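Reader: Could you walk me through this one slowly? I am new to reading structures and would like to start with the pockets.

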Amino acid sequence: MRVRVIVPASSANFGPGFDVLAIALALHNVAELAEADGLTVEVEGEGAASLPRDDRNVVVRGARLVYEAAGRHFRGLAVRQRNRIPPGRGLGSSASAWLAGILGANALLGDPLGPDAMMELAVGQEGHPDNLGASLHGGLAVTCWDGETRAVVSVPVPAGAEFAVLVPDFEASTAAARAALPVSYSRPDAVYNLARAALLVAGWSQARWDLVGQAMSDRMHQPYRARAMFPWLDGVLAAARGAGALGAALSGAGPSVLGLAPPGKGATVARAMTAALASAGHSGQGHVLDADARGAQVERLP
């Protein structure tokens, strides 16, 4: 038996939702897995020149986790990856790879693990439950996954907005982005983000895009990462708003930027962000993407 796993990209830290909110986007990595004697890995598309093709490959590592958890012997796999999510850009490429391996192996073994068990395996390795929650469940994912609570709630995506994404032509280190953050925050800054995260979810659930746009500002990570790594960020965010965006935010740990635009304005916002990045001396690609409402999908092939 072969299986195909289709996993969407994710934009985490959505607005004020640092480490909590993420949106699944209709940009997908596809992996096909089949049991085999020995290991073969093919990679096409994004990361084809750099991703490992041995047991260091993240899809393979994810699959091994499931075999171990299920108490099954791992003979090998034939893996074929077709990647559209660029790595190192803040769009959840690592989360998508872990999920592809975990979901694919689980299907090959007859589904011994449920969604929470697979999420737990992925979080233990990937470390970003917000990305994983969005890519697994789709929509706007509200994720609380810690020592006390393990929950992912997917809030459906209402009509009435487009997602403009600026993808710079360079990668950024997640570790460096984490290192740029302070060890503690002031009470006003904490309340600022808490209020806007609550407002964003409330506005989203009622398709109040005006409220969502007002809520998409942050004091937890963007100011620190802009100073340390992305001095062009404020200019890109301002360009997005000037072009009609309801709001804009750094995607994950960056360097991609997500703009929320009214219908018909997505391409205009994407062009404005790309031009602002270019004026700062960097190139990038602008895209208009739909949200992915379904999350990761597994297909059993003949």
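Author: By class, the 25 residues lining the largest pocket include seven nonpolar, 11 polar and seven charged ones (Ala, Val, Leu, Ile, Met, Phe, Trp, Tyr, Cys and Pro count as nonpolar, Asp, Glu, Lys and Arg as charged, and the others, Gly among them, as polar). Please keep in mind that this is a predicted model, in which local features need pLDDT of at least 70 and side-chain atom pairs pLDDT 80 or more, while totals for chains, interfaces and linings use all residues. Residues are numbered from 1 along each chain as its sequence is written, and side-chain values use heavy atoms, leaving out hydrogens and water.

Reader: Okay, and what volume does the largest pocket have?

Author: The volume of the largest pocket is about 380 Å³, counted as the space filled by probe spheres set on grid points joined across faces, edges and corners. Among its lining residues, Gly90, His128, Asn131, Thr174 and Ala253 are the closest to the centre. A pocket here is an open set of points on a 1 Å grid over the protein atoms alone, where a 1.4 Å probe fits, with protein on both sides within 12 Å along at least five of seven lines, and lining residues have an atom within 4 Å of a point.

Reader: Which elements give two or more residues to that lining?

Author: They are helix 2 (93-108), helix 4 (129-137) and helix 5 (174-179), with helices taken as DSSP runs of H or I of at least four residues and strands as E runs of at least two, numbered from the N terminus. Helix 2 gives the most to this lining, with three residues.

Reader: What about the second largest pocket, which residues lie nearest its centre?

Author: Those are Leu51, Val58, Ser93, Ser94 and Ala97, out of the 20 residues that line it. This second pocket holds about 280 Å³ of space, and its lining divides into nine nonpolar, eight polar and three charged residues. Helix 2 again gives the most, this time with five residues, while strand 2 (21-35), helix 1 (58-70) and strand 4 (76-83) each supply at least two.

Reader: Switching topic, which residues touch the most other members of the largest nonpolar core?

Author: In this core of 36 residues, they are Leu33, Tyr67, Leu77, Val79, Leu99, Leu103 and Leu132 (a core joins buried Ala, Val, Leu, Ile, Met, Phe, Trp, Tyr and Cys residues through side-chain atoms within 4.5 Å). Elements giving two or more residues to this core include strand 1 (2-12), strand 3 (38-45) and helix 3 (115-126), and the largest share, 10 residues, comes from helix 2.

Reader: And is Asn83 buried or exposed?

Author: Asn83, which lies in strand 4, is buried because its relative accessible area is 9%. Leaving aside residues up to four places away in sequence, Asn83 touches His28, Asn29, Val43, Glu44, Gly45, Glu46 and Leu51, and a contact means heavy atoms within 4.5 Å.

Reader: Last one, where is Leu246?

Author: Leu246 sits in the loop between helix 9 (233-242) and strand 8 (247-250), and at 27% relative accessibility it counts as partly exposed. Although Leu246 and Phe163 are 83 residues apart in sequence, their C-alpha atoms are 10 Å apart in space.

Key. Buried < 20%, exposed > 50% of the residue type's maximum accessible area, 1.4 Å probe, protein only.
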